[in-house]
Structures are given as structure tokens and as C-alpha cells.
Amino acid sequence: MPRFQPLHILVLLFTLLTPVLFWLSQSQSASTFYLKEASFTNNAKEDWLDLYNPTLNSISMKGYFLSDNLDDPTKWQFTSDWVIGSHQTLRVYGKASDSAPYGSARLNFNLGNGETLVLTARDGKSQIDRMTLLAPPNYEGSFTMGSPGNDLSITEVFYQETSGAGR
């Protein structure tokens, strides 16, 4: 009967444990989606927000909540099984948005300056993410705001050119 060398045992352990540890780490972070970007200053005609899933797993949004009121975090609930694929976004439109495609997720409220968007877990209590919507002072062009990358501690304003600007 052949004897196992310590190096063989170590390689065997790493070979077996690596996929298991990877799978466990991905399932632990499966609910790490967040509010990525929002548009809210177009007189409620183009209100929308994007949720982003940075994980390797698809995430079902059924049962999660969105609100523009910290005192009422369960204002709107995903009742359909909307899914955010791995490294994908899901756009949710404001109540009066003119640009919402047929069948898209539509909130029962509009987004507005000074409000705080809240993403709440299925339990209706655990806050997953939030973003305060603040328009740049004295700016009248189009913009959105959100996280430029996976660093949720940073919120930036993304300015957009308007047609005919500078003419």
C-alpha cells in the first residue's frame, strides 16, 4: 500500500476545500446587492433607480422592499419574482415615469430631492442599503447620482450633457 507524503495530503486538501470555500463565500454574500444609481430631478417623468448585484449568483427580489421614507421602509414591495443576474442591474421606475417599458417594475411613489431611498430586506426591518437624493445646488441640467463602483461609501453626481448645450 502506497504511503501518502505530507505534500500530497496538503494538495488533496486544497483541491477539495477550495471549491467548497468558494461556494460558501458566494452564498454568504448572495444578498449584497445595493442601490447603484438614481434619476430624480426630471419632474417625475424620468424617475428611476438601479439595483446592482455584484455577486456571482442571481438574486430574486421577491419580498424585498423599497421606500422613500425612513419611517415607512415597507412602502413598496417586489411582489413578482424580479431577478437580478450576476453583475447585472435591475431598473425600477418611479410612479409617474414616462420612460418605463411595458411590464417593468414601477414604484407607488416618485423620487424627489431630499428624500432617502431605502432598500429593506424581506423581514421588513433590516436595512440593506440607502441613498439620500440631493440635487446639486443651482444646477439645471440632467444628472443622476449613485455609486461609481463597488465602494458604497462614495456617492457621486453624474452630469449629463443636454442637447444643444454650449450653442
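# Sheet pairing and aromatic contacts

Both F33 and Y64 are buried. The structure discussed here is a predicted model.

**Aromatic pairs**

- A pair of aromatic rings is described by the distance of the centres and the angle of the planes.
- Across the whole structure, a search finds 5 aromatic pairs.
- One of them joins F33 and Y64 in an edge-to-face arrangement, with 5.0 Å centre to centre and 90° between the planes.
- F33 belongs to the loop between α1 (6-28) and β1 (34-39), while Y64 belongs to the loop between β3 (59-60) and β4 (65-67), so this pair ties together parts that are 31 residues apart in sequence.
- Y139 and F143 also form an edge-to-face pair, at 6.1 Å centre to centre and with 70° between the planes.
- F143 is buried because its relative accessibility of 2% is under the 20% limit.
- Y139 has a relative accessible area of 32% and is therefore partly exposed, since that class lies between 20% and 50%.
- Y139 and F143 belong, together with F40, to one aromatic cluster.

**Charged groups over rings**

- The charged end of R91 is placed over the ring of W48, 3.5 Å from its centre.
- K36 lies over the face of Y52, at 5.8 Å from the ring centre.

**The open sheet**

- Six strands form an open sheet in the order β8-β7-β2-β1-β11-β12, and the pairing is mixed.
- The edge strands of this sheet are β8 and β12 (156-160), each of which pairs on one side only.
- Strand β2 (residues 48-53) runs antiparallel to strand β7 (residues 88-93), and the two are paired over 6 bridges.
- Within this pairing, N53 has Q88 of β7 as its bridge partner, and L51 has L90 of β7.
- Strand β7 also pairs with strand β8 (residues 105-106), here in the parallel sense and over 2 bridges.
- In β8, R106 is the residue that stands opposite Y93.
- In a regular strand, side chains alternate between the two faces of the sheet.

**A buried serine in a loop**

- S97 is located in the loop between β7 and β8.
- With a relative accessible area of 4%, S97 is buried, because this value falls under the 20% limit.
- The side chain of S97 makes a polar contact with the side chain of S99, at 3.2 Å.

Key: Residues numbered from 1 in each chain as written. Predicted model: local features only at pLDDT ≥ 70, side-chain atom pairs only at ≥ 80, totals over all residues. Heavy atoms only, no water. Pairing = 2+ DSSP bridges. Helix = DSSP H or I, 4+ residues; strand = E, 2+ residues; numbered from the N terminus. Buried < 20%, exposed > 50% of the residue type's maximum accessible area, 1.4 Å probe, protein only. Polar contact = N/O pair within 3.5 Å; in protein donor to acceptor, adjacent residues only side chain to side chain. Phe/Tyr/Trp six-rings, centres within 6.5 Å; stacked < 30°, edge-to-face > 60°. Lys NZ or Arg CZ within 6 Å of the ring centre and 35° of its normal.
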